[in-house]
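I opened a new notebook page for this protein. My plan was to go from overall build to single residues.

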Amino acid sequence: MTAVAAPASATPGFPQLPAALLAACLLLFCLAYLRGSSVPVLAAAGVTLGTRLLMVGLSNGHTPRDVAAYFQTAGKLVAAGRDPLTQQPRFEWNFLPLMPYVFAVEQHIGLTWELAGKVAPVAADVAITLLLGRLALGPDAGRVPLLYALCPVPILVTGLHGQVEAVSLALSLGGLLLARSQRTVGSGMLLGLAVATKTWPVLLALGPLRETPLSRWWRLVLAAVAVIAAVLLSIPVFLHDSLQAAVTVLANYRSFSGVWGWTGILNVYHVTGRGYAGPGVDAVQHVGTLLTVVALAAVIACFWRAGAVPLTAAVLLAFLAVTAGFGVQYLLWSIPFVLLLRRRSGLVFAALASLCAGYAYHLAAGGNAAPSVLAVQVQQWASLPVIVAAVLAIPWDRRARRISAVRGHAAASA
């Protein structure tokens, strides 16, 4: 993630005050996890709103460059009837234009972009808190929303960064909730909107598919594809661009390599490069794609019968373990599902992910034009304990139960 210099209007006290907020939230998060603290879901939503708004204010003027500059430009292009996919340099906007439509609206609400650009992510985080109250079962309905409200990872991703992961997650969790109640078409439509915000929520389709009878899959898939196609077809209609050119950009997107996991360590030893493209990067991204496909296929096969939440958590955690490309906002993807599982290993993962994200955002938003080589290497090595924690947070016991059930059925049949 590229650093951006703080403007003159930046809020003073950065990064000390945001760090103090995060430290307090992390402490309260761990205590709430260990004690099983519970509050009404509306109270948890209030905590979510308060902590995110406080972080928005404390980090004003320190938003990382992608949201501060590239997303703002995407909104301006849409307002002018132009397509950010093809009118911005490579890798500045590489997704369907649903969020740039939102950015264009946000830029007209009278706030500075530093504040307006975070309206949708913060609102989505509140929605996630409310949805977790519906998705959690029994006593966890009052525990999980509070944990999410206090977890530093979403506070950073929404309040400091303003990334759209929370929007994607809120839509996907809504799709999962509708799938549970067998509202298949509505579930598919929300999943389609999630994929139209970014590409990665396609992984979250597994949960709703798991909750939907096989005979109804076609309805869910058709509804999702219809929404995605509608957003795609809006490009020639409203943005006056070539559909083929837009699809070409979408198909050629690559995530940032060399700051996470095995690619980060290879970069430390100068085996591969770092970035979206360049010497040694393309090859390692192709290897990473192959590893990711194999790992996810294996996880799906192992956890399909475990249930929608364990399956989704396992897939997202496995992705973090093997991916070649990484943005710090990816750490948010698995947090709601890890919290829904309510396992001690999830507490360790969330805590380490919070520390890793805090350090990465300090490098990205601290006002340093070029972080030192040592600072970047610390970030690269720090990813390893987070990856180990992610692997341990995978609900392996759910898989073990499935294997035992299969063996028991085979023995009974014999």
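My entries follow, from the whole chain down to side chains.

**Ground rules.** I am working with a predicted model, where local features need pLDDT of at least 70, side-chain atom pairs count only at pLDDT 80 or more, and totals for chains, interfaces and linings use all residues. Residues are numbered from 1 along each chain as its sequence is written, and side-chain values use heavy atoms, with hydrogens and water left out.

**Overall build.** I looked up the secondary structure and found 21 helices and zero strands. These are DSSP runs numbered from the N terminus (helices H or I, at least four residues; strands E, at least two). The radius of gyration is 21 Å, close to the 22 Å of the globule rule for 414 residues, so the protein is as compact as a globular protein of that length. That radius is taken over C-alpha atoms, and the rule is 2.2 Å times the number of residues to the power 0.38. The C-alpha atoms fill a box of roughly 70 × 50 × 50 Å along the principal axes.

Buried means under 20% relative accessible area, exposed over 50%, partly exposed in between (1.4 Å probe, protein chains only). I then checked contacts (heavy atoms within 4.5 Å). Of those between residues at least 6 apart in sequence, 77% join residues at least 24 apart.

**Aromatics.** I found 19 aromatic pairs. Rings of Phe, Tyr and Trp (its six-membered ring) pair if their centres lie within 6.5 Å; planes under 30 degrees apart are stacked, over 60 edge-to-face, the rest tilted. Trp-200 and Trp-333 are stacked, because their ring centres are 4.2 Å apart and their planes at 10°. Trp-200 lies in the loop between helix H11 (184-197) and helix H12 (206-211), and Trp-333 in the loop between helix H17 (308-322) and helix H18 (335-341), so the pair ties together parts 133 residues apart in sequence. Trp-200 is buried at 9% relative accessible area; Trp-333 is buried at 2%. I also logged one aromatic cluster, with Trp-93, Trp-113 and Tyr-276 among its members.

**Charge over a ring.** The charged end of Arg-342 sits over the ring of Tyr-33, 5.2 Å from its centre. The test is NZ of Lys or CZ of Arg within 6 Å of the ring centre and within 35 degrees of the ring normal.

**Ala-179.** Which helix holds Ala-179? I placed Ala-179 in helix H10 (residues 165-180). Ala-179 is buried, at 1% relative accessibility. Leaving out residues up to four places away in sequence, Ala-179 touches Ser-187, Pro-208, Glu-211 and Thr-212.
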